[in-house]
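Have a look at the fold, and then read on.

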Amino acid sequence: MNFDLDNLVRPNIQALEPYSCARDEFKGMEAHVFLDANENPYNDPVNRYPDPLQEKLKARLAPIKQVRPSQIFLGNGSDEAIDLVYRIFCRPGQDNVVAIAPTYGMYRVCADINDVEYRSVPLSEDWMFDPKALLAATDANTKVIWICSPNNPTGNDFPREAIHEVLTSFCGIVVIDEAYSDFSTNQPFRTLLDSYPNLIVLNTFSKAWASAAIRLGMAFASEDIIALFNKVKYPYNVNLLTQEKALALLEDSVTVEGWLAQIRRERSHMLPALSELPIVEKVFPTDANFVLVRVSDANRIYRYLIEQGIVVRNRHRVQLCDNCLRITVGTRQENNELLGALRFFKTNS
């Protein structure tokens, strides 16, 4: 593989002069009077603009994620990082990306927003992808390949050998979305950044860290790629309250590990219980905090559960997911309520 990052970046991004934040201009020096950013002097600390590069948070996060602080981008949810990939590498109306199908819907939405052709390659019946088929879908204008592992909505991890083949054979950017990797036993690819200069790994505080409301996404990549993210992002993209909440969470990793262990236990309880239901045709293996289930009539069962006050995700309209419901693993009480409702549906259908 002949990887050349400069040739992948859009020319206008290469030439971009990024906005200079007020707080960037005195970096490395001590200051106690701030009259540079037209801030209101009252209501400390939220009257001040936050650290635009979240350096304290990255320093704390780096050893936990086994990367260097300079290999971390933090954004307003993972969706910001997804959008930045398009804005940095894909010329509107000219370039294209390749992805597996089915997978996380925002890859396509961001492609459409950025006027970038989106090419999908269907998974097999057992939800695996053929690396040669992915690579065959690329051409000279393919800038990015998207792989979500564990995949959403199928829940499964992909074999490392298949991902390795894509990484070593494709001259463009490979994005591996590891939003659900903390629920899996497989080694995350973010620990291998130095081996793959074309790799971007996504992660989030929304899943394992139980903090979807603070909207904090992570991207891990080489220092050169992260520098491009920081060049293009909006100046103060992660607010102070989010940074402070994330720092507090990182100091309580024992609690987070407890949550993960409990979710894994509940997942082990849920899979066989769902398999026993007559309305369930197949429970797919999962490495995530959710399970994809093929049922007898997804639309009808989904509406019935809504009537019971239980919300799951109806994936019936998603490619290859006919009559499938995606069910998040909840608390023992929530899971039992779901199972009870589904058992009752069986006797009244």
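The notes below cover the salt bridges and then the sheet.

This is a predicted model, in which local features need pLDDT of at least 70 and side-chain atom pairs count only at pLDDT 80 or more, while totals for chains, interfaces and linings use all residues. Residues are numbered from 1 along each chain as its sequence is written, and side-chain values use heavy atoms, with hydrogens and water left out.

**Salt bridges**

- Side chains of opposite charge can pair when their charged atoms come close.
- The whole structure holds eleven salt bridges (a side-chain nitrogen of Lys or Arg within 4 Å of a carboxyl oxygen of Asp or Glu).
- One of them joins Arg 60 to Glu 251, at 2.7 Å from N to O. Arg 60 sits in helix H3 (residues 55-65) and Glu 251 in the loop between helix H9 (240-250) and helix H10 (253-275), so this pair ties together parts that are 191 residues apart in sequence. Helices (H or I, at least four residues) and strands (E, at least two) are DSSP runs, numbered from the N terminus.
- Arg 60 is partly exposed, at 27% relative accessible area, whereas Glu 251 is exposed, at 56%. Here buried means under 20% relative accessible area, exposed over 50%, and partly exposed in between (1.4 Å probe, protein chains only).
- Asp 194 and Arg 68 form another salt bridge, with their closest N and O atoms 3.0 Å apart. Asp 194 belongs to the loop between strand E5 (173-177) and strand E6 (199-204), and Arg 68 to the loop between H3 and strand E1 (72-76), so the two tie together parts that are 126 residues apart in sequence.
- Asp 194 is exposed, at 60%, and Arg 68 is partly exposed, at 34%. Together with Glu 223, these residues are linked in a network of salt bridges.
- Asp 83 and Arg 87 also meet in a salt bridge, at 3.2 Å from N to O. They are four residues apart in helix H4 (residues 78-89), about one helical turn, and Asp 83 counts as buried, at 18% relative accessibility.

**The sheet**

- Seven strands make an open sheet of mixed pairing, in the order E1-E7-E6-E5-E4-E2-E3. Two strands pair if DSSP finds at least two bridges between them.
- E1 and strand E3 (117-122) are the edge strands, each pairing on one side only.
- E5 and E6 run parallel and are joined by four bridges. Ile 176 has Val 201 in E6 as its bridge partner.
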